[in-house]
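I opened this notebook to record what I looked up in the structure. The entries run from the fold as a whole to single residues.

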Amino acid sequence: MGDEKCRHEDLEFLGGQRTEGGENLYFRCKRCGDVLIILPGGKSGYIVRGVKPNAPQ
Ligand SMILES: [Zn+2]
């Protein structure tokens, strides 16, 4: 529960989920609990549970 932004460097692999475009990979950040989703093709995915009420800007 720190104020500084988490870089999500300490990730735990949760698993994959097959989609029509390939496979999504799910990782959870051990530090903040956010879940990162890596899309097929190695594209940087998106983050869920990253909503913070007092986010800067
Ligand atoms: Zn994090």
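I counted two strands as paired where DSSP finds at least two bridges between them. Strands (E, at least two residues) and helices (H or I, at least four) are DSSP runs, numbered from the N terminus.

**Entry 1. Basis.** I noted that this is a predicted model, in which local features need pLDDT of at least 70 and side-chain atom pairs count only at pLDDT 80 or more, while totals for chains, interfaces and linings use all residues. I kept the numbering that starts from 1 along each chain as its sequence is written.

**Entry 2. Confidence.** I looked up pLDDT, the predictor's confidence in each residue, from 0 to 100. The average for the protein is 80, and 77% of the residues score at least 70. Confidence is highest in β1, at a mean of 93, and lowest in strand β4 (residues 46-48), at 74.

**Entry 3. Elements.** I found 0 helices and 4 strands in the protein. Along the sequence the pattern reads β-β-β-β.

**Entry 4. The sheet.** I traced an open sheet of 4 strands in the order β1-β2-β3-β4, with antiparallel pairing. β1 and β4 are the edge strands, each pairing on one side only. From one strand to the next the twist averages 25°; for such angles, axes are lines fitted to C-alpha atoms, for helices over the stretch in contact, and the values run from 0 to 180 degrees between N-to-C directions.

**Entry 5. β1 with β2.** I recorded 8 bridges joining β1 to strand β2 (residues 22-29), and the two run antiparallel. They form a hairpin with 2 residues between them. Phe 13 has Phe 27 of β2 as its bridge partner.

**Entry 6. β2 with β3.** I then followed β2 to strand β3 (residues 35-38), where the antiparallel pairing extends over 4 bridges. Arg 28 stands opposite Val 35 in β3. The hairpin of β2 and β3 has 5 residues between the strands, and within this hairpin Gly 33 takes a positive phi near 90°.

**Entry 7. β3 with β4.** I recorded 3 bridges between β3 and β4, also in the antiparallel sense. Ile 37 stands opposite Tyr 46 in β4.

**Entry 8. Burial.** I classed a residue as buried if 20 or more other C-beta atoms lie within 10 Å of its own, exposed if 12 or fewer, and partly exposed in between, with C-beta atoms placed from the backbone. Of the 57 residues of the protein, 0% count as buried.

**Entry 9. His 8.** I located His 8 in the segment before β1 (11-19). Its phi is near 55°, a positive value in a residue other than glycine. His 8 counts as partly exposed because it has 17 C-beta neighbours inside 10 Å.

**Entry 10. Gln 17.** I looked up Gln 17, which lies in strand β1. Gln 17 has 10 other C-beta atoms within 10 Å and is therefore exposed. Apart from its neighbours within four places in sequence, Gln 17 is in contact with Glu 23, Asn 24 and Tyr 26. From C-alpha to C-alpha, Gln 17 and Leu 39 are 10.0 Å apart in space, and they are 22 residues apart in sequence.

**Entry 11. Val 48.** I found Val 48 in strand β4. Val 48 counts as exposed because it has 12 C-beta neighbours inside 10 Å. Val 48 and Gly 33 are 15 residues apart in sequence, with a C-alpha to C-alpha distance of 9.3 Å.

Key
Contact = placed C-beta atoms within 7 Å.
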